[in-house]
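Trainee: I've got a model open on my screen and I'd like to learn how to read it. Can we go through it together?

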Amino acid sequence: MKTRRSIKTMLVVFVLMFALLAAYLIYVIDAYGAYWFSSPYNTRVEKQKKAVIAGDITDRNSIVLASSDDDGERMYNADDAIRLSTAHAVGDNFGQTLGAQALLSKYLLGFEQNAGDRLSYLFSDEKRHGSNAVLTIDAALCAYAQEQLGENDGAVIVMNYKTGELLVMTASPAFDPKLMRGYLDGETELADGAMVNRATMGRYTPGSTFKLVTAVAALRYIPGIENRKFACDGPLAFDAKTGRLAALADAIDGDGSVKEGYALLRDFEDEIHGEITLSDAIAHSCNHTFALIALELGADKLTKAASELGIGGEYIFDELVAYCGSMEKPVTDYELAWSGVGQHKDIITPIQLCLITSAIANDGVVMQPKLCLKVVDRNGKEIKGIESEEYKTILKGNEADFMKEAMRKTVSEGTGKNAAVSGAVICGKTGTAEVSSSGRFKPHAWFTGFVADEAHPYAITVIVENGGGGGKVAAPVASAVIEKALSLGY
């Protein structure tokens, strides 16, 4: 009797384990299936490339970005600027990058074609063709955005925060898809990091753009913070050995020099803001205030808020491979204060910052970023259209409204004035991310923001590597790109 009962118990356990395994398998296939399918190690894809002439890839305005000749060889747009500025969106044909040629290979190589379509090719002399993909990007606007970066490395993203459509996704330096064979053979020089899509995979110190995260944490965990006033009266002092907050008077000697054994947290150019609210602290990017807020929050609540906004998690999108940032939990007061202003070991990616910004613009809702506008077969029949999808709601209550107003003030009267666009209401946040304690390298320049207009629902994020101040360098890039987009009717 006991033996029979034990067997039944074991059977139930095994059935449950099998069900859990099956459910997990379904989940990972749904979540990662597109990535696995597009992997260069997928031999089915490589065989299909020899049997099928890949379909064309165009931008949203029918500019051809990639096509195939009669022999199936891939060809690319003749304009160097368009080819380079859309390279990471289009990808390559050798499986070295994760652009549209990889992630949309199911359609471009005809895997989705039904039996009837395949049979029709058997009774003709024509080689089988895949379907054509239309991307959400505007190629000319991508080229314009990359031009604004000048000689600097960096990235620009413009996303419709209502639909998730990526209007611009460009990074510099970029590889040339036309020269991929030469890169692989070692005959053509490739710029360092050119194969990395900085827009979606670049990991950077966020600088003051992280104050958006700290501000949300304050709204979420410190009651009444939006109505409080802080006193920004100079640097904050810390004991260099213990990392504890100290009195400024103890850290400064008679001639104003910092005593040995102390470290200071200063504002940009030693600016003193005086009495200041949270909203004004965002607008004027007050390090003093945000360091105090971080100390009041504590490491647990600050890291929890960052996690709730997606930092340190994982992105799983159908048409885009995007990396998340990370945040190492601060231990000392000094680390926590610097983390609150985005300068400890906080890391963020441009796409993640753009998604957080989009959520602020879109009442807290993050839309899943989309790169494919539609897919049409050789007969012009649409077989896949864009489907806007809510990815996650990351802001609660009035958090989005408060942040919108503070970011509007940043552009109208704060550090983001250079992001202003005539005739449009621009909201944003600047960031100047120090990356060299010795001063050998200039800071990374950031700007992230959006157009506060339902008719033009676009968010933009700009990173200019070693460009200098975010307000002086990245904000004008954002202004130029948004102005150009609006002039094109977006």
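Trainee: Which residues line the second largest cavity?

Mentor: First, keep in mind that this is a predicted model. Now the general idea: rolling a probe the size of a water molecule over the atoms shows where empty space is left. Here, the second largest cavity is lined by Leu309, Gly310, Tyr315, Leu355, Ile356, Val366, Tyr391, Lys392 and Ile394. About 60 Å³ of space lies in there, and the count of cavities of 30 Å³ or more comes to five.

Trainee: How many of the residues lining the second largest cavity are nonpolar, polar and charged?

Mentor: Seven are nonpolar, one is polar and one is charged. As for where they sit, α17 (350-361) and β15 each give at least two residues to this lining.

Trainee: And pockets? What is the volume of the largest pocket?

Mentor: About 890 Å³. Its lining has 33 residues, and those nearest the centre are Ser208, Asp267, Phe268, Asn287 and Thr432. By class, you get six nonpolar, 18 polar and nine charged residues. Look at α16 (333-340), β16 (426-433) and α19 (470-487) too: each supplies at least two residues of the lining.

Trainee: Which residues lie nearest the centre of the second largest pocket?

Mentor: Those are Gly72, Glu73, Asn93, Phe94 and Arg181, out of 21 lining residues. The elements giving two or more residues to this lining are α2 (43-51), β3 (74-76) and α9 (180-185). This second largest pocket has a volume of about 480 Å³, and its lining divides into ten nonpolar, two polar and nine charged residues.

Trainee: Let's move on to rings. How many aromatic pairs does a search of the whole structure find?

Mentor: Eight. To read a pair, check the distance between ring centres and the angle between planes. Take Tyr204 and Trp446: their centres are 5.9 Å apart with 90° between the planes, an edge-to-face pair. The pair links distant parts of the chain, with Tyr204 in the loop between α10 (198-201) and α11 (211-221) and Trp446 in strand β17 (residues 444-451), 242 residues apart.

Trainee: Is Tyr204 buried or exposed?

Mentor: Buried, because its relative accessible area is 6%, and the cut-off for buried is under 20%. Trp446 is buried as well, at 0%.

Trainee: Why is the pair of Phe317 and Tyr391 called edge-to-face?

Mentor: Because the planes of the two rings are at 65°, and over 60 degrees counts as edge-to-face. The ring centres are 4.9 Å apart. Phe317 lies in the loop between α15 (299-308) and α16 while Tyr391 is in strand β15 (residues 390-393), so the pair ties together parts that are 74 residues apart in sequence. Phe317 is buried, at 1% relative accessible area, whereas Tyr391 is partly exposed at 24%.

Trainee: Which residues form an aromatic cluster?

Mentor: Phe238, Tyr334 and Trp338 form one. A ring can also have a charge over its face: Lys484 lies over Tyr144, at 5.3 Å from the ring centre.

Trainee: Last one: which residues is Ser326 in contact with, leaving aside its neighbours within four places in sequence?

Mentor: Ile311, Gly312, Lys345, Asp346 and Ile347. Ser326 lies in the loop between α15 and α16, and is partly exposed, with a relative accessible area of 31%. Its C-alpha atom is 7.8 Å from that of Gly313, 13 residues apart along the chain.

Technical notes: Residues are numbered from 1 along each chain as its sequence is written. This is a predicted model: local features need pLDDT of at least 70, side-chain atom pairs count only at pLDDT 80 or more; totals for chains, interfaces and linings use all residues. Side-chain values use heavy atoms; hydrogens and water are left out. On a 1 Å grid over the protein atoms alone, a cavity is a set of points where a 1.4 Å probe fits but cannot get out, and a pocket is an open set with protein on both sides within 12 Å along at least five of seven lines; lining residues have an atom within 4 Å of a point. Grid points are joined across faces, edges and corners, and a volume is the space filled by probe spheres set on the points. Helices (H or I, at least four residues) and strands (E, at least two) are DSSP runs, numbered from the N terminus. Ala, Val, Leu, Ile, Met, Phe, Trp, Tyr, Cys and Pro count as nonpolar, Asp, Glu, Lys and Arg as charged, and the others, Gly among them, as polar. Rings of Phe, Tyr and Trp (its six-membered ring) pair if their centres lie within 6.5 Å; planes under 30 degrees apart count as stacked, over 60 as edge-to-face and the rest as tilted. Buried means under 20% relative accessible area, exposed over 50%, partly exposed in between (1.4 Å probe, protein chains only). A charge sits over a ring if NZ of Lys or CZ of Arg is within 6 Å of the ring centre and within 35 degrees of the ring normal. Contact means heavy atoms within 4.5 Å.
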